[in-house]
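Open the model in your viewer and keep the selection tool at hand. This tour goes from sheet to helices to core.

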Amino acid sequence: MITVKDLNDIRGKNVYVRVDFNVPQKNGVIRDTNRIVAALPTIRELVKKGGRLILMSHLGKIKWKEPDPEKIEAMKKANDMAPVAKALQEPLPEAKVHFCPVTRGEALKEAVSSLKDGEVLLVQNTRYEKGEEKNDPALSAEWAALADCYVMDAFGSAHRAHASTVGVPSILKEQGKPVALGYLMIKEVEHLGKCVEPTAEDRPYVAVLGGFKVSDKIKVIDSLLRKCDKILIGGAMAYTFKKALGEEVGCSPVEDDQLDYARRCYEEANGRLLLPVDSIITDKFEDDGSGRTILTKEGGIPEGFEGVDIGPKTAELYKSELMKARLVFWNGPMGVFEQKDFQAGTIAICEAVRALKGKAFTVCGGGDSASAAKEFGYKDDFSHVSTGGGASLEMIEKDGHLPGVDVLR
Ligand code: AMP
């Protein structure tokens, strides 16, 4: 695979860069510019080399199944890319950033042809096109026709075979044009690659899995069982496992259709899959503080209560397992980390990672775990914090393969 470093002859050429600018925003106010900052090394390098950059990204969701055209228009308006162009200009004083408010047609072609060497054009949200998520060949061809070469730097979208992530590069590759990985992608592929293929030095390899649904993570649990020495389970998904093993779980969230899977998984793990030995439980989960009962409970959870975090004994147990590790992969919070009373379990995992600094390679697999690590001030303690939650899980599950990467091989 070639990388952005290998693209030398690009002065005056149109470089299509798929970035992940799917930033958290509301009414045009961007809450977190992390994803923009993460793409800067690639953008700066291409600007320095005199390329004419066409940046494309999706932003939020547009539900094309919605029959009411007015509602579609409202979704488009809510996910307009224009504020992102402004946010990109700030840290990029060396290049003029233009914005193209449409995704197709003459206006886009004109915007591209007016670009000067070392300038940047951010194109409107790729999801304004119905064909983007369907990898529509006509749409891919129209976008590919704008470009002389392609750089993939959107790790968070690399698990999706869409027009902008797979359609465009496959056409350009067929035409013999260069298709390359950007800096952010290089780092993600290299660091997550360790979690995909651990070496003897990476043992013990410990994975921590939490979050809400077992069904979302089934395939990754199967895959991790083949790769890891221990898997520590927390979050709401722990209660599906516990119920499957015959424990009382009160009104904790449980996926009843996953009980057989959970039982089989636990048995096959043969002691390598650890479940919480105690939980923080509450009788009023919706209530944001006042008047609820919060208890620590070992074993089963009584009727009327639900588990909302791992308990202190489990936190200690998981910490001691983590302290033996040489490689750690973490995805999914241990509890409802958005509420102060239920953060301790997730913080305990972060504390263990901090204590492992310099002793183990620690990877935070993006999504909510990355938000938690950042919010609690532990982000810099990880060897790597992935920018893609879904993509990092899929990369592990598929043994290193992602559609948006495979197409560049
Ligand atoms: P996921 O997207 O699958 O990683 O799930 C993250 C979400 O799971 C977060 O919003 C957490 O609040 C939630 N979560 C974690 N543990 C629990 C729990 N015990 N009960 C309810 N929600 C939980």
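Two strands count as paired if DSSP finds at least two bridges between them. Helices (H or I, at least four residues) and strands (E, at least two) are DSSP runs, numbered from the N terminus. This is a predicted model: local features need pLDDT of at least 70, side-chain atom pairs count only at pLDDT 80 or more, and totals for chains, interfaces and linings use all residues. Residues are numbered from 1 along each chain as its sequence is written, and side-chain values use heavy atoms, without hydrogens and water.

Select residues 205-209 and 230-233. These are strands E10 and E11, which run parallel and are joined by four bridges. Alanine 207 has isoleucine 231 of E11 as its bridge partner.

Contact means heavy atoms within 4.5 Å.

Next, show the whole sheet. Six strands form an open sheet with parallel pairing, in the order E12-E11-E10-E16-E17-E18. E12 (273-274) and E18 (384-385) stand at the edges with a single partner strand each, so one side of each has no neighbour in the sheet.

Turn to the largest nonpolar core, of 65 residues. Such a core is a set of buried Ala, Val, Leu, Ile, Met, Phe, Trp, Tyr and Cys residues joined through side-chain atoms within 4.5 Å; buried means under 20% relative accessible area (1.4 Å probe, protein chains only). Helix H8 (214-227) gives the largest share, six residues. Finish on leucine 224: among its contacts are Tyr205, Phe329 and Ile396.

Conventions
Buried < 20%, exposed > 50% of the residue type's maximum accessible area, 1.4 Å probe, protein only. Lists of a residue's contacts leave out its neighbours within four places in sequence.
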